[in-house]
Amino acid sequence: MAINWIESEIIEHVRWTDVLASLKFKGDVLPYTAGQFTKVGLKIDGELISRPYSYVSSPNEDFLEIIYVNVPDGVLTPKLHDLKVGDKLFTMDKASGFFVMDEVPDGKNLWMLATGTGLGVFISLLKTSAPWERFDNIILVHGVRNHNELAYQEQISEFKKNNPSKFNYIQTVTRETKDDCLNLRIPAAIESKKLEELAGINITNDSQFMICGNPDMINDTVELLGKKGLERNRRSKPGNITLEKYW
Ligand code: NAP
């Protein structure tokens with residue numbers, strides 16, 4: 001199917017670290033659902049080069065947003081990294097993907113596990129009312145290499161302020177030691193029961209898991225949760241684990 005590309009204008013470029021950044025832009029795209037991804041691209045040597053990115057923005061906002069890591073020898077991201085306010089990029093008009101709340105079965109606790117830029121899709125989802133209305137407890141876990149990659153702190157504080165009794169945010173940093181953070185990869189934090197301890201919630205089948213980020217983290221986490229009797233959620237057979245792999 002032919003892709004319709006929408007020319008979109010950069011309105012903000014936030015640099016979290018030297019290589020981690022978010023782009024906000026305005027584009028007349030079709031309505032999308034929180035949790036979906038689009039493709040973002042630039043014309044490079046006459047050819048439109050694009051990559052998939054989940055929206056960090058939420059459907060009720062009047063701008064679009066993605067988060068990315070600049071890979072210096074990559075084709076697209078060094079060019080994205082140079083973009084300034086007023087510059088243009090191309091966005092696919094129609095978003096896709098099934099990492100959306102309607103695909104997640106009901107439960108008591110919603111665990112959102114992210115590594116790196118995988119956090120972005122959860123920011124989008126948490127800006128909508130559905131997770132807050134459907135779950136008693138929401139536990140957002142973000143795993144990064146270094147603490148300066150713990151992006152969206154202000155937005156996360158707002159989630160906490162608006163939902164003090166329902167929301168738990170757990171940070172884990174793996175390549176340095178930092179106060180108020182775990183220093184474990186997410187699967188190790190589950191295996192050691194540290195996550196359950198910090199959240200004050202036992203992982204049982206009244207928990208739903210949404211997991212996004214490094215595919216090896218996802219595989220190891222799914223295996224560990226499998227030992228606790230939790231299985232992948234599929235349309236044909238609902239389960240407790242809904243996934244989005246980033247590469
Ligand atoms: P990442 O490499 O996936 O690391 C994010 C977090 O996931 C880290 O805490 C990491 O722990 C953890 N992790 C990695 N493999 C795992 C596994 N098998 N099981 C469980 N946890 C695991 O993501 P990223 O730092 O956002 O980087 C994404 C991409 O950008 C990568 O291809 C990377 O090479 C590239 N990049 C990143 C940086 C940067 O500064 N973050 C710089 C240049 C390029 P560990 O620390 O233990 O690996």
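Trainee: Quick one to start. Where does the second largest pocket lie, relative to domain 1 and domain 2?

Mentor: Between them. Domain 1 (5–92) and domain 2 (101–245) both give residues to its lining, so the pocket sits between the two. Keep in mind that this is a predicted model.

Trainee: How much space is in that second largest pocket?

Mentor: About 240 Å³. The lining has 15 residues, and the closest to the pocket centre are Trp16, Lys24, Glu65, Tyr152 and Gln155.

Trainee: Which elements give two or more residues to that lining?

Mentor: β1 (5–15) and α4 (153–162). The largest share comes from α4, with 4 residues.

Trainee: And by class, what is the lining made of?

Mentor: It has 7 charged residues, 6 nonpolar and 2 polar.

Trainee: Is Tyr152 buried or exposed?

Mentor: Buried. The relative accessible area of Tyr152 is 8%, and the cut-off for buried is under 20%.

Trainee: What about the phi of Tyr152?

Mentor: The value is positive, near 60 degrees, and Tyr152 is not a glycine. For context, most residues other than glycine have a negative phi.

Trainee: Which loop holds Asp45?

Mentor: The one between β3 and β4. Asp45 also has a positive phi, about 50 degrees, without being a glycine.

Trainee: Buried or exposed, that Asp45?

Mentor: Exposed. Its relative accessible area is 81%, and exposed means over 50%.

Trainee: How many bridges join β3 to β4?

Mentor: There are 8, and the two strands run antiparallel. β3 covers residues 37–44.

Trainee: Zoom out. What is the strand order in the open sheet of 6 strands?

Mentor: The order is β4-β3-β6-β1-β2-β5, with antiparallel pairing.

Trainee: Why is one side of β4 and of β5 left without a neighbour in that sheet?

Mentor: Because β4 (47–54) and β5 (64–69) stand at the edges, and each has a single partner strand. The twist in this sheet averages 40 degrees from one strand to the next.

Trainee: New topic. What is the order in the open sheet of 5 strands?

Mentor: Read it as β9-β8-β7-β10-β11. The pairing here is parallel.

Trainee: Which are the edge strands there?

Mentor: β9 (167–173) and β11 (241–245), each pairing on one side only. From one strand to the next, the twist averages 10 degrees.

Trainee: Let's look at β7. How many of its residues are buried?

Mentor: 7 of the 7, so β7 (residues 109–115) is largely enclosed by the rest of the structure.

Trainee: Which residues of β7 are on which side?

Mentor: Asn109, Trp111, Leu113 and Thr115 are on one side. Leu110, Met112 and Ala114 are on the other. Both faces are covered. As background, side chains in a regular strand alternate between the two faces of the sheet.

Trainee: How many bridges join β7 to β8?

Mentor: There are 7, and β8 spans residues 137–144. The strands run parallel. Trp111 has Ile139 of β8 as its bridge partner. Thr115 stands opposite Gly143, again in β8.

Trainee: And how many bridges join β7 to β10?

Mentor: That pair has 6, also parallel, with β10 at residues 207–213. Look for Leu110 opposite Gln208 in β10.

Trainee: You mentioned Gly143. How far apart are Leu182 and Gly143?

Mentor: 39 residues apart in sequence, and 8.8 Å apart in space, C-alpha to C-alpha. Leu182 is in the loop between β9 and α5 (186–191). Leu182 is buried, with a relative accessible area of 11%.

Trainee: Last one. How many residues of helix α2 are buried?

Mentor: 8 of the 8, so α2 (residues 119–126) is largely enclosed by the rest of the structure. Among them are Leu119, Phe122, Ile123 and Ser124.

Definitions and conventions: Residues numbered from 1 in each chain as written. Predicted model: local features only at pLDDT ≥ 70, side-chain atom pairs only at ≥ 80, totals over all residues. Heavy atoms only, no water. Pairing = 2+ DSSP bridges. Axes fitted to C-alpha atoms, helices over the stretch in contact; angles between N-to-C directions. 1 Å grid on protein atoms, 1.4 Å probe; cavity = no way out; pocket = protein on both sides within 12 Å on 5 of 7 lines; lining within 4 Å. Points joined across faces, edges and corners; volume = space filled by probe spheres on them. Nonpolar A, V, L, I, M, F, W, Y, C, P; charged D, E, K, R; others polar. Domains from an automatic or database assignment. Buried < 20%, exposed > 50% of the residue type's maximum accessible area, 1.4 Å probe, protein only.
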